Amino acid sequence: MERSKIEMHNITKCYGNTVALNDVSVQFETGKVNAIIGKNGSGKSTLVKILAGVVHPDKGKVMLDGEEVHIEKPTDAFGHGIVTVYQELNLIPYLSVAENILLGRQPKTKYKTLDKKKTIAAAQELLDNISPDIPAEAKVMELAVWQQQVVEIAKAMSYNPKVLILDEPTSSLAQHETEKLFEVIRKLRKKDVAILYISHRLQELSVIADTLTILRDGRHKGTVNMSEVSAAEIVSLMFGKVEIQEGFNKNSFTEEIALELRNLTSEPYFRNVNLKVRKGEVVGIAGMLGAGRSELVRSVFGADAQGKGEIYVYGRKVSRRTPAIMKQKGIGYLPEDRKRDGLILPMSCRENLVMTSLKKICSRGVISKKTERELVQKQVEELAIKLGDVENAVSSLSGGNQQKIVVGNWLNAEPKIIIFDEPTRGIDINAKQQIFNIIQRLGGLGISTIFISSELEELFQVCHRILIMKRGEITGEVFPQEYSVEELYATCMGE
Ligand SMILES: Nc1ncnc2c1ncn2[C@@H]1O[C@H](COP(=O)(O)OP(=O)(O)OP(=O)(O)O)[C@@H](O)[C@H]1O
Ligand SMILES: [Mg+2]
């Protein structure tokens, strides 16, 4: 069987002074999982957006099976069988899963009206191949983030793609869901689809990728067969040099209780949650998706219905919780889905970095430009946020750098207790390390952290103590020094 080839020749793309891609020549083959890797802002998304017809290169050409193709707009890409699932979810929340999957292509009745029944049946058939538990008639906003990701993939597959582009498809999936997704990808690979696969998770690349194409700062650093490189080689191609911190969080913390939850209950999400976080302590919450972790912290922050039970912040009972009240009490909260809750995309990086600290920069209605500039600069430097200009819209940043803006915004608010819900989604290992270092440094300053991550290895690295949450209840507590990551995975997944 002759393999088809997708070739990109001498692609250059600039945004103002930012060179997103610099004379990149790469090729991808059908029947393979072609991974594209590189640190945040290295140009991965830009490269695939060019194939998808969303971004136009300044220079260079694209060839399919030896012939030059002109991809001016997304419909051209579709015409060539190139379909993309983007890094940021793009579903319409108030429409059903089925309507989202078949948007614009819904079956009609003989009266030319939309045929709801057929739409649902057709969508369900697609979903059943991937994740039968997702009901096609449900509204997208009722789904968890990982389920939304699966819906996006089902939608892409409905086009019978020749080239399927997946931009960080697993960043919101738990391990067992990732495995389900990989099964689907392997099926597609056999069907002679070229899969372009962007991911920051090196471990999963060794399972699913056939080749690795490495970008660094907009340049092509090489393409290698997965079976022929070591993890260390990959990391050095991606970063040049990087220092990964080993071991546990050894910072000390005091006995003073910063946050206490007593019998917090909000059916059907979680019940009888008792939890204490000490001053300067980093407490992790491990669990599979759907365990109720996000619902719990959303409720603590007052973002959801507050349910029953009590919350104490430094010994004082909080009688009513709204995000504004909790913020005032010194709680910071980084949500799981940054696009929905964490950022105002059309606004500038500067504005997004000081959203939580307007009080600090504003006195008697006058904004101190100087204070604002200092706050913005501090986070840009400390988190190494890659941006052209702080006045650019946040939407112009790469996915990982957007996440850093969310983190920076909350750090500027100087909370006493900070809740991170999957803060490392889509960020590279270097940036992760920076966030871990910051959490540990904050701990040294007496700031407490609650840290949720589906990548349990991370909890081991950063937390003093890890709570296990299952089906809405805290079922156990472990200390990183006394437990292994494998054991924790098994405990979280087991019955
Ligand atoms: N619309 C835009 N306007 C201005 N700059 C942009 C735009 N899109 C991307 N860039 C810049 O181009 C560079 C490459 O971005 P890209 O999104 O391709 O990175 P990435 O490798 O996908 O990163 P990540 O891992 O964080 O998703 C970044 O510096 C980014 O800020
Ligand atoms: Mg990206």
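Predicted model: local features only at pLDDT ≥ 70, side-chain atom pairs only at ≥ 80, totals over all residues.
Polar contacts to oxygen atoms of ligand 1 involve both side-chain and backbone atoms of the protein. In the side chain of Thr46, an N or O atom is 2.5 Å from an oxygen atom of the ligand. A polar backbone atom of Gly400 is 2.7 Å from an oxygen atom of ligand 1, and for a backbone N or O atom of Ser42 the distance to a ligand oxygen is 3.2 Å. The ligand taken alone exposes 640 Å², and 88% of that area is buried by the protein.

In soluble globular proteins, nonpolar side chains tend to be buried together. In this model, the largest nonpolar core holds 72 residues, and Leu259, Leu261, Ile405 and Leu488 touch the most other members. Helix H16 (residues 429-444) provides the largest share of this core, six residues. Leaving aside residues up to four places away in sequence, Leu259 is in contact with Leu275, Lys276, Val277, Ile311, Tyr312, Val313, Ile331, Ile417 and Ile450. Another core, of 47 residues, lies apart from the largest one; Ile130, Met157, Leu181 and Ile214 are among its members.

Definitions and conventions. Residues numbered from 1 in each chain as written. Chains lettered and ligands numbered in written order. Heavy atoms only, no water. Core = buried A, V, L, I, M, F, W, Y, C linked by side-chain atoms within 4.5 Å. Buried < 20%, exposed > 50% of the residue type's maximum accessible area, 1.4 Å probe, protein only. Helix = DSSP H or I, 4+ residues; strand = E, 2+ residues; numbered from the N terminus. Contact = heavy atoms within 4.5 Å. Polar contact = N/O pair within 3.5 Å; in protein donor to acceptor, adjacent residues only side chain to side chain. Areas by Shrake-Rupley, 256 points an atom, 1.4 Å probe, with all protein chains shown as cover.
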